[in-house]
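Keep the chain in view as you read.

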Amino acid sequence: MFTKPNMFFFCLCSFCGFLFQLQVSQAQSPLTQNVTAVEGGTVTLTCKVDQNDNTSLQWSNPAQQTLYFDDKKALRDNRIELVRSSWQELSINISEVALSDEGQYTCSLFTMPVKTSKAFLTVLGVPQTPVISGFKGPFNEGDLVELTCSTSGSKPAADIRWFKDEKEMKDIPSIKESNGKTFTVSSKMGLRVDRNDDGVAVSCTVDHVSLKASPQVATQVLNIQYMPSVKIDFSRNFAREGDELRLECRVTGNPTPEAVKWKKDGAELPDPDRMVVEGNMLIISALNKTDNGTYYCEASNLLGENTAEYILFVYDPSALAGQTGTDHAMIGGVVAVVVFVTLCLIIVLGRYLARHKGTYLTNEAKGAEDAPDADTAIINAEGSQANADEKKEYFI
């Protein structure tokens with residue numbers, strides 16, 4: 001039979017024991033963290049306890065199947081391996097992670113009662129390499145080109161962006177469809193093409209959290225057919241008698257234009273001995289005035305024909321020299337006139353200043369000129385400014 005003091009002591013010890021067990025129980029709660037893995041990658045699940053008095057740890061999958069009990073493997077899955085097993089930690093690896101591995105995993109600490117902690121595994125579905133469809137052979141200038149970019153297998157849904165010659169094309173919508181686990185994303189782009197688009201790369205880029213800084217890209221180079229564009233370059237600005245003149249016909253087109261044709265005034269070249277065609281170049285040697293006229297370069301392909309022209313005027317060297325002398329004479333005459341007008345203005349201004357005179361009244365009083373000092377001059381001064389002599393000065 002307990003006395004009252006003994007009873008009080010027993011209750012106090014029981015209460016302290018309860019607090020100690022409660023503190024130990026709280027300290028023994030396992031700690032886990034949610035994790036994210038990329039499909040096909042490897043993920044680590046870690047369970048830790050601060051204090052553990054020889055108590056076992058266990059990992060279970062979302063189906064509540066035991067994966068590891070301490071260091072003992074319970075489930076036959078070669079993808080699951082032990083990383084670390086101790087009284088304070090149980091860590092396992094899951095390699096070649098699949099979308100089906102996603103879910104809530106449980107770490108159990110076998111105390112009385114059993115303590116558990118949950119860790120959710122999120123698996124990211126990697127989008128497949130995008131594919132561009134709708135490119136049907138070469139397009140003609142002015143056609144409307146419609147291309148579709150699509151990718152599947154992403155989780156969450158991927159984003160598609162379009163680029164033309166590395167410049168992003170804005171405001172092109174995407175369609176996202178789900179099959180329950182992953183998404184298929186597609187985007188359709190329309191482009192009115194011209195000859196400047198020939199050879200330009202159009203690409204679609206797939207952005208996704210699983211790809212980090214390396215987006216997936218599909219590229220299609222445009223093939224645009226257009227009529228030839230023709231331009232004539234010449235070797236000299238002034239064609240003089242006896243000189244050689246080279247005319248180059250620069251041609252672009254798709255398909256590649258056939259060999260160019262040179263004509264003069266709408267007819268065949270009149271002097272094949274002096275007028276020689278080498279590739280796209282016309283060479284005229286020993287120019288003379290009979291070569292004056294309009295020269296044409298013609299180019300054609302399956303889509304049509306185009307022409308450029310060059311008007312040739314052959315100058316007489318002596319005429320050019322005389323023209324140069326005349327120009328110098330005209331310049332010299334203009335300079336002489338400017339100098340003459342300037343001199344005339346100087347002479348007129350000088351005469352005007354010489355004849356201009358100003359009149360004003362001085363404040364000198366009579367008798368002041370002979371005064372030995374200033375005081376005497378003031379005393380001897382006669383009259384005032386009103387009756388002072390009028391002084392005149394002239395500007396010379």
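Rings of Phe, Tyr and Trp (its six-membered ring) count as a pair if their centres lie within 6.5 Å. With that cut-off, ring pairs link F238, F313 and Y315 into a cluster. The model is a predicted one. Over the whole structure, a search finds five aromatic pairs.

Take the pair of F234 and Y310. The ring centres of F234 and Y310 are 5.3 Å apart. Their planes meet at 35 degrees, so the pair is tilted. F234 sits in strand β19 (residues 224-234), and Y310 sits in strand β26 (residues 304-312). The pair therefore ties together parts that are 76 residues apart in sequence. Are the two residues buried or exposed? F234 is partly exposed, because its relative accessibility is 42%. Y310 is buried, with a relative accessible area of 11%.

Now turn to the cysteines. A disulfide is a covalent bond between the sulfur atoms of two cysteines. How many disulfides does a search of the whole structure find? It finds three. Number the bonded cysteines in sequence order, and the pairing reads 1-2, 3-4, 5-6.

C47 belongs to strand β2 (residues 43-48) and C107 to strand β8 (residues 103-109). The link joins distant parts of the chain, 60 residues apart. Both C47 and C107 are buried.

C149 and C204 form another disulfide, and their sulfur atoms are 2.0 Å apart. Here the value about the S-S bond is 55 degrees, and the link of C149 and C204 is right-handed. C149 is in strand β12 (residues 144-154), while C204 is in strand β17 (residues 201-207). These distant parts of the chain are 55 residues apart. C149 and C204 are buried.

C249 and C297 also form a disulfide, their sulfur atoms 1.7 Å apart. The torsion about the S-S bond of C249 and C297 is about -85 degrees, so the disulfide is left-handed. C249 lies in strand β21 (residues 245-254) and C297 in strand β25 (residues 293-301). The pair therefore ties together parts 48 residues apart in sequence. C249 is buried at a relative accessible area of 2%. C297 counts as buried because its relative accessibility is 0%.

One further cysteine deserves a look. C344 counts as partly exposed, at 32% relative accessibility.

Conventions
Residues are numbered from 1 along each chain as its sequence is written. This is a predicted model: local features need pLDDT of at least 70, side-chain atom pairs count only at pLDDT 80 or more; totals for chains, interfaces and linings use all residues. Side-chain values use heavy atoms; hydrogens and water are left out. Rings of Phe, Tyr and Trp (its six-membered ring) pair if their centres lie within 6.5 Å; planes under 30 degrees apart count as stacked, over 60 as edge-to-face and the rest as tilted. Helices (H or I, at least four residues) and strands (E, at least two) are DSSP runs, numbered from the N terminus. Buried means under 20% relative accessible area, exposed over 50%, partly exposed in between (1.4 Å probe, protein chains only). A disulfide is a pair of cysteine sulfur atoms within 2.5 Å.
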